[in-house]
Amino acid sequence: MVRSLERPDRWLWVACAGSAVIGFARLAALVPAEPHSAPPAGLYLGGVSVAPERRRQGAGWALTRVRLEHAFSDPDVDRVWYFANARNEASIQLHAGFGFEEFERPMRFAPVSFTGGVGVLFSLSREAWAAGRVPA
């Protein structure tokens, strides 16, 4: 894990195979500019990116698991969030395997556009994480 010195509310993990970087993923704290505006405040899994030739081999799963472990190691975190384009079936399937459930559709987040689709907000509660719905 590498934690950004400039932004203590953001973390970055890198997946390697030998000396080659094959993927990365982020976790960030999000606080809306205005109270009660979408999306909700909390910890958000950022994009997971894996080299095309290394996809579907477990790197994305491992990067997701380590980020969730980090997030839920904080006793004050009750829920973790992520959002995706409804057309991104690979991401939705990956996160569903960890117990993420759809929270809001359509989801709007000003700096992000969901080209050709609609944004969907997903969440995973601490209870679902602790109940063992997550594959080992």
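**Ground rules.** I am working with a predicted model, where local features need pLDDT of at least 70 and side-chain atom pairs count only at pLDDT 80 or more, while totals for chains, interfaces and linings use all residues. Residues are numbered from 1 along each chain as its sequence is written, and side-chain values use heavy atoms, with hydrogens and water left out.

**Entry 1: helix α1.** I began with α1, residues 59-72; helices (H or I, at least four residues) and strands (E, at least two) are DSSP runs numbered from the N terminus. I found 14 residues spanning 20 Å from first C-alpha to last, close to the 20 Å expected at 1.5 Å a residue (the expected span is 1.5 Å times one less than the number of residues). Next I looked up which residues of α1 are buried (under 20% relative accessible area; exposed is over 50%, partly exposed in between, with a 1.4 Å probe and protein chains only). They are Ala59, Gly60, Leu63, Thr64, Arg67, Leu68, Ala71 and Phe72.

**Entry 2: arginine 67.** The nearest side chain of opposite charge, glutamate 69, is 10 Å away (Lys and Arg count as positive, Asp and Glu as negative; His and chain ends are not counted). Leaving aside residues up to four places away in sequence, I noted touches (heavy atoms within 4.5 Å) to Trp13, Ala25, Arg26, Leu27, Leu45, Gly46, Val48 and His95.

**Entry 3: salt bridges.** How many salt bridges does the structure hold? I count 2 (a side-chain nitrogen of Lys or Arg within 4 Å of a carboxyl oxygen of Asp or Glu).

- Glutamate 69 meets arginine 65 at 3.1 Å, N to O. Being 4 residues apart in α1, they are separated by about one helical turn. Glutamate 69 is partly exposed at 37% relative accessible area, and arginine 65 is partly exposed at 22%.
- Glutamate 102 meets arginine 105 at 2.9 Å, N to O. Glutamate 102 is partly exposed at 43%, as is arginine 105 at 46%.
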